[in-house]
Amino acid sequence: MSYRVGLTGGIGSGKSTVASLFAELGVPIIDTDAISHQLTKTGGAALQSIRNAFGKEYIDTTGALDRTKMRQRVFSDSAAKQSLEGILHPLIFAEAKRRAETSSAPYVLIVVPLLFETPSFREWMDRTLTVDCSEAAQIARASQRQGMNDKTVQAIIAQQLPRQQRLQLADDTLKNEGTLEELRTLVSGLNRHYLDLAKRSN
């Protein structure tokens with residue numbers, strides 16, 4: 001099995017950009033958000049359980065999860081958030097594990113936004129990397145996304161693990177406050193480091 005590096009960071013920190021730079025270097029990426037989308041799209045494996053738990057009003061006209069409606073619900077209702085995570089997390093973890101176990105690469109990068117909040121993922125990783133930037137940068141970047149404004153982004157940040165805690169828990173930190181080229185150089189250095197760790201772990 002490949003060595004497992006978990007990538008995390010707050011909303012707007014640049015996880016997707018960092019993952020794409022690792023992918024450019026040939027590192028297989030397992031994106032848990034992408035797995036979640038597959039599970040909740042039309043015909044997805046999680047839809048029946050979500051319909052049973054929340055009702056058909058959370059399924060849109062195409063038969064997929066109404067993500068905007070569900071996002072609003074879980075941000076105002078912690079019991080609903082736990083219920084949704086209880087449905088999705090085991091399915092996402094099982095699929096991520098399957099992909100990691102079938103990889104023949106020296107290491108795989110597993111993108112998990114709630115890495116440190118999810119014991120199954122946290123305990124499974126060999127190494128963890130957090131992408132870090134200032135809260136102002138997070139808000140500026142995330143507010144550019146569709147359906148997001150400053151208030152929504154701040155509410156998401158407030159629900160996520162505090163930045164300092166994430167930094168303390170991570171094995172490695174990647175500062176994402178410079179140019180793309182600077183970020184690419186940092187990723188290249190980490191890639192060499194992880195290849196070395198993967199080699200030594202075998």
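Predicted model: local features only at pLDDT ≥ 70, side-chain atom pairs only at ≥ 80, totals over all residues.
Residues are numbered from 1 along each chain as its sequence is written, and side-chain values use heavy atoms, with hydrogens and water left out.

Helices here are DSSP runs of H or I with at least four residues, strands are runs of E with at least two, and both are numbered from the N terminus.

Let me turn to the aromatic residues. A pair of aromatic rings is described by the distance of the centres and the angle of the planes. Rings of Phe, Tyr and Trp (for Trp, its six-membered ring) pair if their centres lie within 6.5 Å; planes under 30 degrees apart count as stacked, over 60 as edge-to-face, and the rest as tilted. The structure holds 6 aromatic pairs. In one of them, the ring centres of F22 and Y194 are 6.3 Å apart and the planes stand at 25°, so this pair is stacked. Because F22 belongs to helix 1 (residues 15-24) and Y194 to helix 10 (residues 180-201), the pair ties together parts that are 172 residues apart in sequence.

Are F22 and Y194 buried or exposed? Buried means under 20% relative accessible area, exposed over 50%, and partly exposed in between, with a 1.4 Å probe and protein chains only. F22 has 0% relative accessibility and therefore counts as buried. Y194 is also buried, with a relative accessible area of 0%.

A second pair joins F93 and F121, and this one is edge-to-face, with 5.1 Å from centre to centre and 90° between the planes. F93 lies in helix 5 (residues 78-101) and F121 in helix 6 (residues 119-124), so the pair ties together parts that are 28 residues apart in sequence. Both F93 and F121 are buried.

To return to F22, one aromatic cluster is formed by F22, Y107 and Y194. Contact means heavy atoms within 4.5 Å. Leaving aside neighbours within four places in sequence, F22 is in contact with residues including V27, I29, Y107, L109 and Y194. Between F22 and V108 there are 86 residues of separation in sequence and 9.7 Å in space, C-alpha to C-alpha.

One further ring deserves mention. A charge sits over a ring if NZ of Lys or CZ of Arg is within 6 Å of the ring centre and within 35 degrees of the ring normal. K69 lies over the face of Y58, at 5.9 Å from the ring centre.

My next residue is T8, in strand 1 (residues 3-9). With 1% relative accessibility, T8 counts as buried. Which backbone oxygens does the side chain of T8 reach? The side chain of T8 reaches the backbone oxygen of V112 at 2.9 Å, and that of P113 at 2.9 Å. A polar contact is a pair of N or O atoms within 3.5 Å; within protein, one must be able to donate a hydrogen and the other to accept it, and residues adjacent in sequence count only if both atoms are side-chain atoms.

On a 1 Å grid over the protein atoms alone, a cavity is a set of points where a 1.4 Å probe fits but cannot get out, and a pocket is an open set with protein on both sides within 12 Å along at least five of seven lines; lining residues have an atom within 4 Å of a point. Grid points are joined across faces, edges and corners, and a volume is the space filled by probe spheres set on the points.

The largest pocket has a volume of about 1,500 Å³. It is lined by 45 residues, of which D33, R67, R71, F75 and P113 are the closest to its centre. Helix 4 gives the largest share of this lining, 7 residues. Q72 is found in helix 4, and at 54% relative accessibility Q72 counts as exposed.

About 50 Å³ of space lies in the largest cavity, and its lining includes G10, S13, D132, C133 and R166. Strand 4 (127-132) and helix 9 (163-169) each supply at least two residues of that lining.
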